[in-house]
Amino acid sequence: MLAFHVAFLALLVGTEAFFTWLAALNVRYGAEAVTREAEWFDDRLDVDDTDELLGYQRATTGASQLEAWIGLALLLVVLYAGLLADAVAAVESLGLGTVPSGVVFFLGVVVALQITSIPFDLFDTFVVEEIFGFNEQSPRLWLRDKLVGLAVALVFTAAIAAAVLWVVESFQNLWWLGAWALFVAFSLSMMVVYPRVIAPLFNDFEPVEEGELHDAVTDVFDRAGFECSQIYVMDASRRSGHSNAYFVGFGATKRVVLFDTLVEQMETDELQGVLAHELAHWKKAHIWKRVGSSALQMGVLLFVAYQLVTGPWLYDMFGLATGAGKPVYAGLLLAALVLQPLSRLTSPIENRLSLAHEREADAFAVEVMGDGEPMVGALTRLASENLSNPFPHPLYETFHYTHPPIPERVRNIRRRADAAASDADDTSAAKAD
């Protein structure tokens, strides 16, 4: 049993230590890049003071690492002080049965996680983001978001936990396949439910009315051969100065969402470039490929979870009952604790697919716009407005980046645009001959 404890602690603590080292390496590399790539910063980024950019990188990194280590310390206390076993015993004493007991247990976990996150959310929002001029939230709005978010989390946790535990109880030898089917169904349904039900709980979405913005958007749609009548501007500025855009849904539920901060910060052609990039994820079937990739990954994780949950060692390690009366819901939680660091360590595999999709989407944006400069301008403006350091350490990039770094994207976009212009010149010359 000692070997199991050593392996468990090595996995959790070792993984966190590795990612902390990566974060520190990235901060140091970013600081060196400001000097090494000074000409690039001067030419491309509209940042008056690079010290502010570095300060934001250090502050956000430090805050996230502090939260990660305190969270890990609290988790280990819960596990090794017997608090998990006490919680399971309290739930079992209610005599509710496997599914209701599991639902109660996971609801308690969600509440505990929400409570422990409060100090870190407060610090991130009202200290870090406030200092660097990004926070637009009032304490009242922050509290409302927390309460609504908790309510949504509890509803979904109850539904998912009940469904998964019913599958576990009904199909004991193949429950991982049933849970996998639930995951796929949930992923697809959320593509419809999130934009129509959940997101409006937190933000207002105004349809883009007739005018310059509407004309610019529909012009991109026409060039891309895309049809979508649901184009919205989201009031992101109520909470933050950060900007973004996204595309969500499928079939008749497709919608494009633009942050109002994005609309305010960008020139029309830059905004069109961003839209063309987002539309590529649909035109090139990236959304379905990512759904398939996530389904495959989840299938593997659930099979491993099945192996962990059916064995006795996870339960024995933390003083939980084994045999016919073992609390399977607690086993699922412990299995998730093992799988989470393994998932982080294998993230470069998944990132490779996302990176390929992002490069393809950039190329599509060049094709639609007929020029690479709108997309280049959009990327550098986003980096400037969000105080992003465009030069991550290569190893940090491998584990964390789902998009290529901006300098690489700029090079690829311009290379693509130059190649397209050369092909066009050759075609014109051939016609003239």
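Me: Contact means heavy atoms within 4.5 Å, so leaving aside neighbours within four places in sequence, what is D362 in contact with?

Reply: Four residues: H277, M375, R409 and I413. Bear in mind that this is a predicted model, where local features need pLDDT of at least 70 and side-chain atom pairs pLDDT 80 or more, while totals for chains, interfaces and linings use all residues. Numbering starts from 1 along each chain as its sequence is written, and side-chain values use heavy atoms, with hydrogens and water left out.

Me: OK. Which residues does UniProt list for "active site"?

Reply: The unreviewed UniProt entry lists E278 and D362. They are spread over 85 residues of sequence, yet they cluster in space, with a largest C-alpha distance of 9.0 Å. Such annotations may be inferred rather than shown by experiment.

Me: Where is D362 found? And is D362 buried or exposed?

Reply: D362 is in helix α14, residues 347-369 (helices are DSSP runs of H or I, at least four residues; strands are E, at least two). D362 counts as buried because its relative accessibility is 4% (buried is under 20%, exposed over 50%, partly exposed in between, with a 1.4 Å probe and protein chains only).

Me: And E278, which helix is that in?

Reply: Helix α10, residues 268-283. E278 has 15% relative accessibility, so it counts as buried. Not counting residues up to four places away in sequence, E278 touches A245, Y246 and F247.

Me: Which of the two listed residues is in the lining of the second largest pocket?

Reply: Of the listed residues, that lining includes E278. A pocket is an open set of points on a 1 Å grid over the protein atoms alone, where a 1.4 Å probe fits, with protein on both sides within 12 Å along at least five of seven lines; lining residues have an atom within 4 Å of a point.

Me: How much space lies in the second largest pocket?

Reply: About 1200 Å³, taken as the space filled by probe spheres set on the points. Of its 41 lining residues, N386, S388, Y401, H403 and I406 are the closest to the centre. Elements giving two or more residues to the lining include α1 (2-36), β3 (245-248), α10 and α17 (406-432).

Me: Which element gives the most?

Reply: α3, with six residues.

Me: New topic: what about D215?

Reply: D215 is in helix α8, residues 212-224. D215 counts as partly exposed because its relative accessibility is 45%. D215 and V88 are 127 residues apart in sequence and 59 Å apart in space, C-alpha to C-alpha.

Note on methods
Contact = heavy atoms within 4.5 Å.
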